[in-house]
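Open the model in your viewer and keep the sequence panel beside it. This tour goes from one selection to the next and says what is there at each stop.

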Amino acid sequence: MTYVATAIGYPYIGENREWKKSLEKFWKQEITEDDFVKQQKEIRLSRIEKQLQLGLNVVSVGDFTNYDRVLDTAAMFGLVPQRFNWQGGKVDLSTYYAMARGTKDAVACEMTKWFNTNYHYIVPEYEGQTLRVTENTLVKHFVEAKAAFDISAKPTFIGPYTFIQLTKGYDRVSKASFVLALLPLYTQVIKELVAVGAEWVQLEEPALVTSLDKEEIQLVQEIYAQLTTAVPEAKIMLQTYFESLSAYEQLIQLPVQGIGLDFVHGYQDNMNALRQHGFPADKVLAAGVINGRDIWRANLAEVNATVKAIEQLSDAKELWIQPSCHLQHAPITTKFETKLDDILRDALAFADEKVVEIAEVVAYLEGKESTAISESMKAIEALKNHPIRNNKTVQQAVQTIEQVDFERNTPFTERLTIQQKALQLPLFPTTTIGSFPQSDEVKQKRNAWRKGNLTTAEYNAFLEQETARWVAIQEELDIDVLVHGEFERTDMVEYFGEKLTGFAFTENAWVVSYGSRCVKPPIIYGDVALETPMTVKETVYAQSLTKRHVKGMLTGPVTILNWSFVRDDIERKDVTYQIALALRKEIEALEEAGISIIQVDEPALREGLPLRKEHWSAYLEWAVGAFKLATASVQDETQIHTHMCYCEFNDFIEPISALDADVISIETSRSHGELISSLQHNPYDKGIGLGVYDIHSPRVPSEKEMLTIMEDSLQVLARNQFWVNPDCGLKTRKEPETVAALANMVAAAKTLRQQIEQSV
């Protein structure tokens, strides 16, 4: 058997976020386009050099991007919406970033979650455009790597079926023409890659692990039959990840030369499929045996046993050993993590360490001696016995949860009347999602405090000053329900993790969330508990400055779970319930302190869904349960809000309603029409705030633009249901654009109130 060490893809941000810094300098016009292009090339090549040094036999190109890889594919095929006034030819950087971020006159393309991850991709829009290959960047990057390192890299890009599934704008009739227009472009790109010497072309098809009906299976078969017939000389690696291959018996016979399977997240089903149906002897099997989405050191004894089992069950002519998915979901290297608990640090593996693990597995399979197996087992065992993982009080609390702990005292319809009387809010109350712009001064003060150059008293005084300033701004804007601004917080999960037991924090473990936005997910490595209140002081201070209601702002248990790197030694449900019980205590403390509106954000609730719908119910039972466990103990007068990001409302309305939150706000500004249509077919009976403008773009929408969204919403929402807010937090925006946009938002809400009053 031949073994090959490879990776589906490798992170592109750089060890010190060089990619992000270069990108943002270019946006600010601090560097020229030529300098930007040069810097991006240097980063691109440095990644390849490192992977080769770490022991990979085959590296990928095309796993790098200037913003988003789905957007790259759309731009390569000329899928540019008309509103961006593209004149054809190569999609220049100005048009490319306009699609991603919007302009003064054009709304950005919609952004949504990449399958069940916290990464956001740009949604391609098909408007019946004449499609063509505008520039084959894959050829450029392949030739670039060959010249620099004398290698034949593996070009990779989003496969045709997945790209079709991710694109919006077509219906059943126009879908056929879209597919027919797309396939010749894939053919051209692959032919050009073969012409310059590419031995393999990798097509990433994560959509093939979702639930597929007969029609979709047939479409996949037709796509690959046409593609491989058109380019018989190409060796295609069809790469799946995030779950087991759907319709294994049919799709394993696709006329491609290799198929990649996830033996981490899809382990059970993929192994069962191998036992029942085997694997074609004429194909290469790329086995994803190292978890590409977590940060834990692999038990190499178990990994090697898995590979041996795969080898025995399949007739594959060659085995590629690789991560379970693209490594962009993991930080780059542990080498900068000098402040972590030694036992924890020893049990970690980021992207670089995972590449080394792949090389070590191949070395073992080839009969080379190594201490790697015993070292990995020793590190894992040491963490298992760590005191932080053996808090008996926390474990007992989870075991003694009862059904009554999940239920509010009174049904929503009765609570609504009670809350309206207690809160005395106008029609269409205006609010924001929570955070306000974190200026350079805010960041500088925080850094100075953390470095010891600013005392805690001085830092707290500054935070109070900034909170007071923004409370005054909100009052001047005449916003109805205020927030304290969250100036003390870095990341919405990291902040809470720092105040709970069981969490650890890294110095440089960055991953991309969207665009240039990078986050450092906390590590949940032990039992979680609340020792002292986390938000009461700041919220009560803000409330003391105004007679208007100030919302308490918390991150929900499922989002804390899904936006962290989570321990893998106990069930995720149990970890989430630990977090929920800690938040329950915090919510009770806020309520006792006089806070009447408490927002518990769950933007990551949907992304935790299994990719197969048949597996949804088990996840939703405990995920919805965790939110209710955290919030159910409040009095009827206390109004519970929540917030969700880029939620496909139409197929998620029942779980949203089951949360039993009094008000939910949803990001809908980039896809408002779709939500209105959804609400027409799936009415919602609780309070709802439809995000009336997109905070991910620097543009300031007009009062008229937001009023139109509000008026449309009244077609499907009762007046007393409808709240008015931006579609997400405002931390990443600048102050002038924030104030201008909020002023227009409030003006639009007031205009709508006047229209209602005049119509009565």
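Is aspartate 569 buried, partly exposed or exposed? Aspartate 569 is partly exposed, with a relative accessible area of 37%. Keep in mind throughout that this is a predicted model.

**Salt bridges**

Arginine 567 has a relative accessible area of 3% and is buried, because buried means under 20%. Aspartate 569, at 37%, falls in the partly exposed class, between 20% and 50%.

For a group of linked partners, select Glu15, Lys50, Lys335 and Asp352. Salt bridges with shared partners join these residues into one network.

Next, select glutamate 498 and arginine 450. A salt bridge joins their side chains, with 3.2 Å between N and O. Glutamate 498 sits in the loop between helix H19 (494-497) and strand S12, while arginine 450 belongs to helix H17 (residues 440-450), so the pair ties together parts 48 residues apart in sequence. Both ends are partly exposed: glutamate 498 has a relative accessible area of 39%, and arginine 450 has 46%.

Now go to helix H11 (residues 300-313) and pick lysine 308 and glutamate 311. They form a salt bridge whose closest N and O atoms are 4.0 Å apart. The two residues are three apart in the helix, which means about one helical turn separates them. Lysine 308 is partly exposed, at 35% relative accessible area. The count for the structure is 39 salt bridges. Side chains of opposite charge can pair when their charged atoms come close.

**A three-stranded sheet**

Switch to a cartoon view and select strands S12, S15 and S17. They make an open sheet in the order S12-S15-S17, with mixed pairing. Strands S12 (503-504) and S17 (565-566) are at the edges with a single partner strand each, so one side of each has no neighbour in the sheet. S15 (residues 523-524) pairs with S17 in the parallel sense, over two bridges. To see one of the contacts, select isoleucine 524 and its bridge partner in S17, valine 566.

**A seven-stranded sheet**

Which order do the strands of the seven-stranded sheet follow? The order is S11-S16-S18-S19-S20-S21-S22, in an open sheet with parallel pairing. Its edges are S11 (481-482) and S22 (722-725), and each has a single partner strand, so one side of each lacks a neighbour in the sheet. At the S11 end, select strand S16 (residues 549-555) as well: S11 and S16 pair in the parallel sense over two bridges. Leucine 482 has valine 550 in S16 as its bridge partner.

**One face of a helix**

Select helix H26 (residues 703-713) and colour its buried residues, which are Met706, Leu707, Ile709, Met710 and Ser713. Then turn the view to look down the axis of H26. The buried residues fall within an arc of 155 degrees, so they line one face of the helix.

**Cavities**

How many cavities of 30 Å³ or more does the structure hold? There are six. To find it, select Asp68, Arg69, Trp114, Tyr119 and Gln328, which lie nearest its centre among the 14 residues of its lining. By class, the lining of this largest cavity has seven nonpolar, four polar and three charged residues.

Key. Residues are numbered from 1 along each chain as its sequence is written. This is a predicted model: local features need pLDDT of at least 70, side-chain atom pairs count only at pLDDT 80 or more; totals for chains, interfaces and linings use all residues. Side-chain values use heavy atoms; hydrogens and water are left out. Two strands pair if DSSP finds at least two bridges between them. Helices (H or I, at least four residues) and strands (E, at least two) are DSSP runs, numbered from the N terminus. On a 1 Å grid over the protein atoms alone, a cavity is a set of points where a 1.4 Å probe fits but cannot get out, and a pocket is an open set with protein on both sides within 12 Å along at least five of seven lines; lining residues have an atom within 4 Å of a point. Grid points are joined across faces, edges and corners, and a volume is the space filled by probe spheres set on the points. Ala, Val, Leu, Ile, Met, Phe, Trp, Tyr, Cys and Pro count as nonpolar, Asp, Glu, Lys and Arg as charged, and the others, Gly among them, as polar. Buried means under 20% relative accessible area, exposed over 50%, partly exposed in between (1.4 Å probe, protein chains only). The arc is that of the directions from the helix axis to the C-beta atoms.
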